[in-house]
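Please keep the structure in view while reading.

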Amino acid sequence: MSTQHAEKYRPDIDGLRAIAVLSVVIYHAFPAGKLKGGFIGVDIFFVISGFLITGILLRELKAGTFSILHFYARRVLRIFPALITVLVACLGAGWLGLFSDEYAQVGKHVAGSAAFIVNLLLWQEVGYFDVSSELKPLLHLWSLGIEEQFYIVWPVFLWLAWRLRFSFLKLALAIAAASFAAGVYYTFVDPTLAFYAPPTRFWELMAGGILAYCLSESIAPSARHRDGVSIFGLVLIVVGLLVIKKSHAFPGAWALLPVAGAVLLIASGPAAVINRTVLSNKVAVWFGLISYPLYLWHWPVLAFLRIGKADGVYREIAWESRSIAVLAAIGLAWATYRLIERPIRYGGETRLWVPTLSAGMVALLFTGAGVYTMNGIPSRVELSPPSAAVLFADYPHPLKNAACHQVYPELADAWSCLLSKDRPADVAIIGDSHAHQYFQSLAKKLPSLSVLNTSAPNCLPFSGHARCEKVANETIAFLEKNRSIKTVIFAGYYSVLAAGMRYENIEGQRVAADLTVEGHQRFENSARKMLASLEAQGMGVVVLGDIPDMIFRPRDCVGFANPVMASLRGSLNAKPLDKCAIPEGEFRARMRPFDDTLAAILSEHPGLSTFDPRPLFCDGSTCVAYRDPTFLYWNSDHLTIEGADIVIDALLKAFPIGAPMASVSLNRDHSLPAAAGSREQAAYPN
């Protein structure tokens with residue numbers, strides 16, 4: 001055994017910081033590369049932080065100089081200068097270049113970051129229509145929130161254990177084990193909670209703290225074993241970087257790889273072979289010194305790059321642009337370290353800087369909250385066309401209402417439960433979010449009828465997903481029980497449903513993955529079972545075809561009337577308003593396997609009615625998301641109220657729901673009457 005002097009500067013720890021931050025930066029900039037587990041760099045940071053802070057606190061407790069006020073003053077000097085700089089920069093960049101809802105979200109996250117609770121805000125934001133994580137410039141500050149929440153309780157815990165003479169090691173190990181167990185459990189039960197909640201992450205910081213205690217008590221690898229321990233630690237981290245993927249259940253047990261690897265590298269000491277040759281080299285130490293501001297800068301730079309580039313995901317943005325963004329983040333980090341962090345932290349004006357920085361952070365909290373409560377300050381943005389405002393408001397289709405819960409309490413847990421009257425339904429529109437989007441229009445156009453919507457994304461109306469049989473059976477049982485429902489309209493994202501909810505990405509937007517044999521079979525079986533059940537009940541059934549899915553966001557067709565904003569954002573806009581469309585031929589070619597599958601199923605049920613809404617959006621050349629002066633789409637595959645109204649008006653013209661369905665004339669091949677759309681079109685063309 002040998003004694004480690006944790007109080008001495010260790011360049012190898014800065015080298016370990018370099019591994020952590022560069023792993024994160026490389027992964028975020030090049031997620032399709034080989035470093036699939038680069039995000040585990042955050043877990044390495046947790047261990048380093050816990051080790052260094054606990055070491056300082058233990059030395060102060062032993063010397064009798066511990067002060068909670070001094071501790072937080074040091075945290076202010078360490079954390080606030082660079083963080084305030086980045087938050088102010090994000091507010092400034094957002095003011096110049098973000099739409100209202102984007103800027104409102106930045107304001108919310110600035111306030112959350114200033115209060116160190118942004119991880120809790122992000123936890124609550126996860127939802128079906130949540131903004132993609134790549135478009136949140138302050139998403140990465142979730143880790144800083146967890147770290148600072150840990151340091152609210154950790155110094156007090158250490159002080160109490162010291163004063164009451166508890167066995168620190170036994171107590172800390174027990175708490176860390178409970179935190180780890182909670183993380184493993186919730187990774188499978190509630191992955192979002194496991195990722196963002198402090199109790200499921202505290203064990204990683206405690207691992208570093210426990211190591212600091214062990215080294216202070218001379219519990220460390222002997223000189224003979226140091227090299228082997230350091231090599232093994234590096235191997236664990238490298239394996240984690242190469243093997244762990246975002247699809248894995250993380251953090252869970254997988255987090256042991258980076259945490260254990262970091263613990264072993266630190267425990268082996270600065271004289272161990274990896275520490276002195278790899279971690280202590282000048283390049284690694286330099287990156288370690290700027291690791292905190294680099295972590296803060298890299299994600300906003302990349303996020304604003306993606307926000308600014310219409311249609312972009314990282315694999316669609318040229319690697320040269322991403323490389324320049326990374327170099328820009330490194331330059332900003334170095335400047336922040338040299339010009340802001342060092343002068344403030346080591347300038348000797350603690351009594352001035354601590355209250356000044358604290359006041360600055362409070363000001364940012366209120367500024368961010370103000371931006372959020374004022375909905376991103378829409379008055380600073382002049383949209384072209386003005387009707388684009390709908391694209392920056394909340395999703396226009398509510399999910400639930402009281403009438404549905406009162407009349408149908410069994411649907412209380414359904415994804416959507418909407419009823420237009422306080423009485424049992426006459427008409428039901430059932431499916432996924434592509435059915436749900438029509439409820440308000442259908443209820444408005446059928447004022448004398450009670451209209452119900454219940455939807456289950458992934459599963460209804462028919463699905464190739466292996467886990468949807470239970471939902472389908474419950475829906476069939478519900479319809480058999482509620483005989484007041486005379487007409488059922490099915491609608492859905494049929495291509496994605498048939499693909500078993502497997503997606504691909506075209507220009508940043510989801511589209512269905514290739515149809516597999518298994519998915520095809522499950523989709524057919526699901527549809528046949530559902531349709532046969534409703535036919536047996538003598539229920540009127542309309543299968544409403546799906547709308548074209550755009551491979552861009554409609555908001556990418558919006559320009560700024562303000563010339564400053566136009567130059568910052570509009571110049572990157574890849575979709576002029578007159579080309580806010582996709583080629584119809586390419587779309588229909590992409591849809592053909594799915595159309596053929598659904599057409600084959602419907603041909604077995606000649607008594608059904610079908611309606612194809614595509615001719616309402618497509619003219620033989622293109623399929624449009626905007627028709628002057630109105631946006632028809634809210635995002636790439638959901639309609640605005642105006643877009644939904646167009647579909648429902650045409651549907652009710654073809655099928656006067658409430659009248660006997662037999663009165664509607666349909667061709668045997670399920671084509672639409674010529675009056676139903678802009679031109680005669682087979683519902684699901686071969």
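Which side chains meet in a salt bridge at 2.7 Å, N to O? They are the side chains of Arg10 and Asp12.

The model is predicted: local features need pLDDT of at least 70 and side-chain atom pairs count only at pLDDT 80 or more, whereas totals for chains, interfaces and linings use all residues. Residues are numbered from 1 along each chain as its sequence is written, and side-chain values use heavy atoms, with hydrogens and water left out.

1. On the first pair. A salt bridge here is a side-chain nitrogen of Lys or Arg within 4 Å of a carboxyl oxygen of Asp or Glu. Arg10 is buried, at a relative accessible area of 7%, and Asp12 is buried too, at 2%. Buried means under 20% relative accessible area, exposed over 50%, and partly exposed in between, with a 1.4 Å probe and protein chains only.

2. On the other salt bridges. The count by this rule comes to 25. In one of them, Glu125 meets Lys136 at 2.9 Å, N to O. Glu125 lies in helix H5 and Lys136 in the loop between H5 and H6, so the pair ties together parts eleven residues apart in sequence. Helices are DSSP runs (H or I, at least four residues), numbered from the N terminus. Glu125 counts as buried at 13% relative accessibility, and Lys136 is buried at 3%.

3. Lys444 forms a salt bridge with Asp645, their closest N and O atoms being 3.0 Å apart. Lys444 belongs to helix H19 (residues 439-445) and Asp645 to helix H25 (residues 641-654), 201 residues apart. Lys444 is partly exposed, at 45%, whereas Asp645 counts as buried, at 14%. Elsewhere, Asp43, Arg201 and Glu204 are linked in a network of salt bridges.

4. On the nonpolar cores. A nonpolar core is a set of buried Ala, Val, Leu, Ile, Met, Phe, Trp, Tyr and Cys residues joined through side-chain atoms within 4.5 Å. The largest has 112 residues, and Leu16, Leu83 and Trp154 have the most contacts inside it. Helix H3 (residues 68-97) gives the most to this core, with 13 residues. Leaving aside residues up to four places away in sequence, Leu83 touches Ser113, Phe116, Leu141, Leu144, Tyr292, Leu296 and Met361; contact means heavy atoms within 4.5 Å.

Terms used:
Helix = DSSP H or I, 4+ residues; strand = E, 2+ residues; numbered from the N terminus.
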